[in-house]
Structure formats: C-alpha cells, structure tokens
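Reader: Before I use the labels attached to this chain, I would like to know what stands behind them. Please take them one at a time.

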Amino acid sequence: MRVIIFGATGLLGKPLLREWKRDEVIGLGSKDADIRDASQVLSAVEPTRPDWIVAAAAYTDVDGCESHRDLAVAVNTQGAVNIAQAAKKIGSRLLFVSTDYVFDGLGNAPYEANHPRAPRNVYGQSKAQAEEKLAEILPSCCIVRTSWLFGVGGKCFPDTILKLAANRSEIDVVDDQRGSPTHAPDLARAIIQLCHAGATGIVHATNTGDCTWFEFAREIIHDAGLTTLVRPTTSDKFVRPAARPKYSVLSPESLQNYGIAMPSWQDATRAYLAERMTADSLRKPAVEPGKS
Ligand SMILES: NC(=O)c1ccc[n+]([C@@H]2O[C@H](COP(=O)([O-])OP(=O)(O)OC[C@H]3O[C@@H](n4cnc5c(N)ncnc54)[C@H](OP(=O)(O)O)[C@@H]3O)[C@@H](O)[C@H]2O)c1
C-alpha cells in the first residue's frame, strides 16, 4: 500500500511515520506542500497516486484560531477540502483527523459518532465545516475524531505540567472539563489499522476512560515520582479566548466496530513518561571515558 501523510511534522504525524512500517509512506510538512493551495496539494499527491491519504495537518492553536479566523478556515476547512478534491481526482482513499471540539460539550454521556455537531469555538467550527464538506466530496472518506492529544517531542499538556512542576511546589489545574487524553502513538496505531481495514464514516479514537485536566495532571505528577501538589480549580480562574467544552468524552463504539481497542489513558500516561525519559537520556551528551 502507498500512503501520503499531510501534517507529518506534527505531534500525531511523527509517530504515524514512525509506526507505519509495512507500507510505502511519504510524510509531508507545510514546507513540502501548503494545504491552503489546491495546486500544491495536487502536485504533492499526483505523482504517487497513494492508496490512502491521511490528513493530519491543521492549525491547532485553539485560542489563536479565535483571533485568526481566516487562517483557521483556510487551513482547517479549505485545506481539508483541497486534500479531498485531490484524493477524489486521483482515486485515493482519505482519512481526515478531526476533533472532540465539534461538539458543544454540554452532554454528560460519551458522544457517539452520529451525535449532531455544535462547535463552540472557531477551531471546532473550522473542523466541523471540513467534516461536512468532506462527506459531500468523498462520501467514502473516514473521519477520525480524537481528543486531548499528547506525545513526546511536541507541545502538549503533560509536557507543560512537568515543566511547571520543575519550578513550583504547587500547581492549580482546572477540574471542571472532562475528556479523554490520547497518546499520539496509540492514535497512530489505530489510524494505521483503520486504513488497513478500509474504514469509512466517522470513527472516535481516544485512549479509554476519562478524567478532568486536574486528574490528568495528578496522574502525571504521581507517575513521574514528583511531589508537587496539584490543586483543583475552575475554568473561570483561567479565562481563555476560546470556549472549551465542559464534557467531550467520545464513545469508543465506532472504533470497537473495527475490532480496535486502545489502552487506558493511565497506561498511555506511563508509556509517555517512559518514552520521554528515553528521549531525555538520548539527548544528554555522553560522558567522555576517563573524565567522569
Ligand atoms: N493536538 C490536539 O490536542 C488535538 C486534539 C484533537 C484533534 N486534533 C487533530 O489532530 C490532528 C493532528 O494534530 P497535531 O496536534 O499533530 O498538530 P500539530 O502538532 O499542531 O501539527 C500540525 C501539522 O500541520 C501542519 N500544517 C499546519 N499548517 C499547514 C499548512 N498550511 N499546510 C500544510 N501543513 C500544515 C504542520 O506542518 P509544519 O510543522 O511543517 O508547519 C504540522 O505537521 C489535527 O487534525 C488536529 O486538528 C489535535
């Protein structure tokens, strides 16, 4: 199978490239092709005519999207449309990565894949519009919604918590937003399995179980063996430009229909910390023999 990944330089794209072993895979960043430009997208995929295109490229700065609405729409909506039109032209299957932020977050039970979209911020709107347009352009495309992505080598919540804990004895973290943290390598493996299964339609893929950001931070600190005190607080103490859903847990049923199970978020947190320690030890300069 031949595969092209847009967004291969991102938090998800890097493990996707690393984990995708059996097939012929090309990874593209924004320097290789700007997805806002339809001609650049077509030129990037036409010579290879891949079996699958994975669209993991996005403008992911949720607060930035509020003040840069045009950029959010150009990358997240029009960029996705450009990829879908190119996929249609060359006969490739498309897997588009989307988000829990397409929902309003007012629910209290896991969102099923067919739950109506009602995004509450510009980022969510730009992704929801992309989903709607993609279903029209390529009805057989696969839309994979995920949430609270984290991984080594990128800006993410556990990285922020560990950096804060290095300098503070106490940290306050919001305890009134509930979701499912998702380790990027676990999501990457699920996406690869979905492509091999020829998946279509909307699929929800996150680590299993759910927590608040406070509970997630407490687990990170505990598993990292740190003593920093994590205190629960509320979102009104951390007002941000983009509204966040209070509840955005995604039901795993659509993923289970493909016989795919993802680890718990607690196991994923431990895997992240282990991978981070390995990455740190590889970065440290080796001590020269005889000088220790
Ligand atoms: N992060 C989360 O918590 C989260 C949650 C739910 C869903 N998602 C979705 O998961 C997917 C992957 O997110 P991520 O966290 O891996 O993103 P990320 O780390 O922010 O990386 C974004 C990727 O998109 C590329 N990109 C940005 N603008 C582009 C453009 N104009 N043309 C071409 N490529 C462009 C970047 O390329 P360069 O680095 O080369 O510029 C990079 O490879 C996205 O679809 C996102 O919406 C993320």
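**Labels and their grounds**

Author: In E5, Cys142 is the bridge partner of Leu95. The model is predicted.

Reader: Which strand do four bridges join to E3, running parallel, with residues 2-6?

Author: That is strand E1. Four bridges against a requirement of at least two make E1 and E3 a pair, therefore. Within E3, Val54 is the bridge partner of Ile5.

Reader: Why is E4 called mostly covered?

Author: Six of the seven residues in E4 (residues 93-99) are buried. A residue is buried when its relative accessible area is under 20%.

Reader: What makes both faces of E3 covered?

Author: On one side Trp52 and Val54 are buried, and on the other Ile53 and Ala55 are buried.

Reader: Why is Ser180 called buried?

Author: Its relative accessibility is 1%, and the cut-off is under 20%, so Ser180 counts as buried. Ser180 lies in the loop between strand E8 (178-179) and strand E9 (182-183).

Reader: Which residues does Ser180 touch, not counting those up to four places away in sequence?

Author: They are Ser147, Trp148, Thr206, Asn207, Gly209, Asp210 and Val249. A touch here means heavy atoms within 4.5 Å.

Reader: Is Trp148 buried or exposed, and how do you know?

Author: Trp148 has a relative accessible area of 9%, which is under 20%, so Trp148 is buried. Trp148 is in the loop between E5 and strand E6 (149-150).

Reader: What is the phi of Trp148?

Author: Phi of Trp148 is near 45°, a positive value in a residue other than glycine. Most residues other than glycine have a negative phi.

Reader: Where is Arg49, and what is its phi?

Author: Arg49 is in the loop between helix H2 (38-45) and E3.

Reader: Why is Arg49 called partly exposed?

Author: Buried is under 20% and exposed is over 50%, with partly exposed in between. Arg49 is at 41% relative accessibility, so Arg49 counts as partly exposed.

Reader: Turning to the whole chain, how many helices and strands does it have?

Author: The chain has ten helices and twelve strands.

Reader: What makes the chain as compact as a globular protein of its length?

Author: Its radius of gyration is 19 Å, and the globule rule gives 19 Å for 292 residues. The two values are close, so the chain is as compact as a globular protein of that length. Along its principal axes the C-alpha trace spans about 55 × 55 × 40 Å.

Reader: What share of the residues in the chain is buried?

Author: Buried residues make up 49% of the 292.

Reader: What share of contacts between residues at least 6 apart in sequence joins residues at least 24 apart?

Author: The share is 81%.

Note on methods: Residues numbered from 1 in each chain as written. Predicted model: local features only at pLDDT ≥ 70, side-chain atom pairs only at ≥ 80, totals over all residues. Heavy atoms only, no water. Rg over C-alpha atoms; globule rule 2.2 N^0.38 Å. Buried < 20%, exposed > 50% of the residue type's maximum accessible area, 1.4 Å probe, protein only.
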